[in-house]
Amino acid sequence: MNPVPEARRSWLREHSELGVCAMLLALGVLVLTDALTMNVEITQRGPVGPKTVPVVVGVGLLVVALLLAVDVLRGGRGEAEGGEDVDLTEPADWRTVLLLAGVFLGAAVLIEPIGFPVAGALLFWGAAYALGSRRLDRDPLIAAVLSLLTYVVFDQLLGVPLPGGPLMGVL
């Protein structure tokens with residue numbers, strides 16, 4: 001048996017946080033590349049243009065990746081999460097995760113044809129159901145109010161256009 005692969009595996013297991021560093025590095029490069037290749041008209045620029053925040057975020061990601069890599073290579077290790085009310089020996093609840101993913105995907109697909117108010121209500125109601133709420137008398141009403149309130153805040157107050165869907169002719 002060759003001891004080198006075992007030693008390499010052991011080293012990688014002890015320095016697994018380097019995977020997070022690699023992810024942060026890749027994300028920082030992606031954000032910076034996207035920000036620096038952004039097509040911005042000279043007339044759209046003010047003192048702070050639309051490139052400023054993405055560049056700052058991208059540089060921040062690169063700096064954090066570098067500092068974390070240095071810390072890990074110097075022997076720093078993240079503490080295992082204790083989880084005060086979470087039993088870490090229990091497996092993940094994949095049913096809930098898949099239900100939530102399905103609800104989010106469904107809302108994303110339905111937002112254009114049926115509008116944000118209805119898709120948002122389905123999203124809020126579906127998320128509540130996936131997370132364990134079974135109050136069928138109250139949850140749909142709360143979901144509808146939250147969705148309409150969110151629509152009004154974004155569309156009317158903040159000026160972020162959201163698709164209204166067929167109900168906007170009625171409301």
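Predicted model: local features only at pLDDT ≥ 70, side-chain atom pairs only at ≥ 80, totals over all residues.
The protein chain contains six helices and zero strands, so that, read along the sequence, the pattern is simply α-α-α-α-α-α. The chain has 171 residues, of which 20% count as buried, and it exposes about 12500 Å², with carbon and sulfur atoms supplying 68% of that area. If we take the contacts between residues at least 6 apart in sequence, 59% of them join residues that are at least 24 apart.

Let me turn now to helix α3, which covers residues 52-73. This helix has 22 residues, and the distance from its first C-alpha to its last is 32 Å, close to the 32 Å expected at 1.5 Å a residue. Which residues of α3 are buried? They are Gly-58, Leu-61, Ala-65, Ala-69 and Val-72. Seen down the axis of α3, these buried residues fall within an arc of 70°, and they therefore line one face of the helix. Part of what covers them is α2, residues 18-36. On the other side of α3 we find Val-53, Val-56, Leu-66 and Leu-67, which are exposed. After the helix comes Gly-75, and its phi is positive, near 105°.

The next stop is Asp-139, which lies in helix α6, residues 139-157. Is Asp-139 buried or exposed? Its relative accessibility is 9%, and since the cut-off for buried is under 20%, Asp-139 counts as buried. As for its surroundings, the side chain of Asp-139 makes a polar contact of 2.5 Å with the side chain of Ser-133. If we leave aside neighbours within four places in sequence, the residues in contact with Asp-139 are Trp-125, Ala-128, Ser-133 and Arg-134.

Finally, I would like to look at Leu-162, which lies in the segment after α6. Not counting residues up to four places away in sequence, Leu-162 touches Phe-116, Tyr-151, Phe-154 and Asp-155. Where does Phe-116 stand relative to Leu-162? The two are 46 residues apart in sequence, while in space they are 6.4 Å apart, taken from C-alpha to C-alpha.

Note on methods: Residues numbered from 1 in each chain as written. Heavy atoms only, no water. Helix = DSSP H or I, 4+ residues; strand = E, 2+ residues; numbered from the N terminus. Buried < 20%, exposed > 50% of the residue type's maximum accessible area, 1.4 Å probe, protein only. Contact = heavy atoms within 4.5 Å. Areas by Shrake-Rupley, 256 points an atom, 1.4 Å probe, with all protein chains shown as cover. Expected span 1.5 Å × (residues − 1). Arc of directions from axis to C-beta. Polar contact = N/O pair within 3.5 Å; in protein donor to acceptor, adjacent residues only side chain to side chain.
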